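Dear colleague,

I am passing on to you the structure below, together with some notes on what was found in it. Please read them with the model open beside you.

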Amino acid sequence: MGAIDWSKSPKPSNATISFSFEWAMKNLSSGIHPTLPTKQTLKHQGDRLEISSAAARCEWDFSLSTVVSSSASAAVSDALGSIEFDPSNTVVATGGIARKIRIYSLNSLLPEDNIQLLTRGEQNDTAFLDHVNACSFYICTPAKLSSLRWRPGSGGRLLGSGDYDGVVMEYDIERKLPVFERDEHGGRRVWSVDYSHWDPFVGASGSDDGTMQMWDPRCGGEGGECVAKVQPAAARSSVCCVEFSPFGDSLIALGCADRMAYAYDVRKMVEPLHVLEGHTKTVTYVRFVDAQTMVSAGTDGCLKLWNMSDCGLIRTCKGHVNSRSFVGLSVWRHGGLLGCGSENNQVFIYDKRWDEPIYARGLEPMARPGFDHAFVSSVCWRQVQEDHCTLLAGGSDGVLQVFVGTKIS
């Protein structure tokens, strides 16, 4: 997502909603997750923040594997607003200001020599690539992109997007063509799109028009019927993020410019099931950590972990810098790790058990005019159940960087 000034957020106010369903949702059971807080300290070493606590460094060792950039002479802004792994975790899609969806294979981003070293737990050398050579292909889009999301159940073929013109689109990646378009946000920017995991035809979008809309392309006309519409704040504060629970239940979470995070049961959206209050500025991201825990990010520079059973705050994570921009938030659920960007152009990794970062590293800015104040604008974990992990980070200067981590035995 692009930069925007959220320094003056409206105060919370009453919500409105419209709702229309003819299909039923199943409510499935959820699990629990015990956590214990601990303390670490950070110290600066050049452009890199090192963790001095042995407890924080004993489980994972991270390194920068690959840097992908454009030609130094490129003048067009190429800020990366969204990065998404496909369901197979072997293909990556990126989108942003350049009005392009770029598709990469993981093999092109992780050179074979680095993959072998990662598997053996050995340190790798950083590879430097160009987008032209690393990218498998790209699809031109009619507007700047703020969000991407692969549609579940499509075999990695359908990719949804939200754009600055307020339009939601789906692209057939094999045919490299748009196959669905929905323009129901009155031309106001769509910040976020997501798909249901219990019914992958159902999608949701959050917009600057102050609404979250759910739609089903099997119903209604060409753009699909709006099956639910929520306006969390009467003042029409922007809905900055939407995410369906990936754990098979019927929850959808929203992050809003009214400083609140909300969770709704999609079967009964007359009012929110949970209202999570604690951020002092705009809530830019919400992500489900597990069936009982959610994390929210705000432009107050905090990540907050919430217990969804009682709306209790588990802990607040601090260390990164975020006062006005979308800097990304991603959860590696198998490893219990949170990744986010920072306005000081660093990538931060938190363990969900602790309130301070376990790793931070600055991205090397490219020597390009107009990018003196680059920041990390998007991040994405590869969702695999292994003892090594992969985190992708995109910058406002268009640079894509690949970090790998190995479990220390």
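Which strand supplies the largest share of the lining of the largest cavity? Before the answer, please keep in mind that this is a predicted model. The structure holds 1 cavity of 30 Å³ or more, and the space in the largest cavity comes to about 40 Å³. Its lining is made up of Asp 78, Leu 80, Thr 94, Gly 95, Gly 96, Ile 97, Ala 98, Lys 100 and Arg 102. Strand S6 (91-96) and strand S7 (100-105) each give at least two residues to that lining, and the largest share, 3 residues, comes from S6.

Another part to look at is an open sheet of 4 strands, in which the order is S10-S11-S12-S13 and the pairing is antiparallel. Strand S10 (145-150) and strand S13 (177-182) are at the edges, and because each has a single partner strand, one side of each is left without a neighbour in the sheet. From one strand to the next, the twist averages 25°. Within this sheet, strand S11 (residues 158-163) and strand S12 (residues 168-172) run antiparallel and are joined by 5 bridges; Gly 162, for instance, has Val 168 in S12 as its bridge partner.

Finally, Ser 196 sits in the loop between strand S14 (190-195) and strand S15 (203-207), and this residue is buried, with a relative accessible area of 0%. The side chain of Ser 196 reaches the backbone nitrogen of Trp 198 at 3.1 Å, while its contacts, leaving aside neighbours within four places in sequence, are with Pro 152, Val 202 and Phe 244.

With best wishes

Notes. Residues are numbered from 1 along each chain as its sequence is written. This is a predicted model: local features need pLDDT of at least 70, side-chain atom pairs count only at pLDDT 80 or more; totals for chains, interfaces and linings use all residues. Side-chain values use heavy atoms; hydrogens and water are left out. Two strands pair if DSSP finds at least two bridges between them. Axes are lines fitted to C-alpha atoms, for helices over the stretch in contact, and angles run from 0 to 180 degrees between N-to-C directions. Buried means under 20% relative accessible area, exposed over 50%, partly exposed in between (1.4 Å probe, protein chains only). A polar contact is a pair of N or O atoms within 3.5 Å; within protein, one must be able to donate a hydrogen and the other to accept it, and residues adjacent in sequence count only if both atoms are side-chain atoms. Contact means heavy atoms within 4.5 Å. On a 1 Å grid over the protein atoms alone, a cavity is a set of points where a 1.4 Å probe fits but cannot get out, and a pocket is an open set with protein on both sides within 12 Å along at least five of seven lines; lining residues have an atom within 4 Å of a point. Grid points are joined across faces, edges and corners, and a volume is the space filled by probe spheres set on the points.
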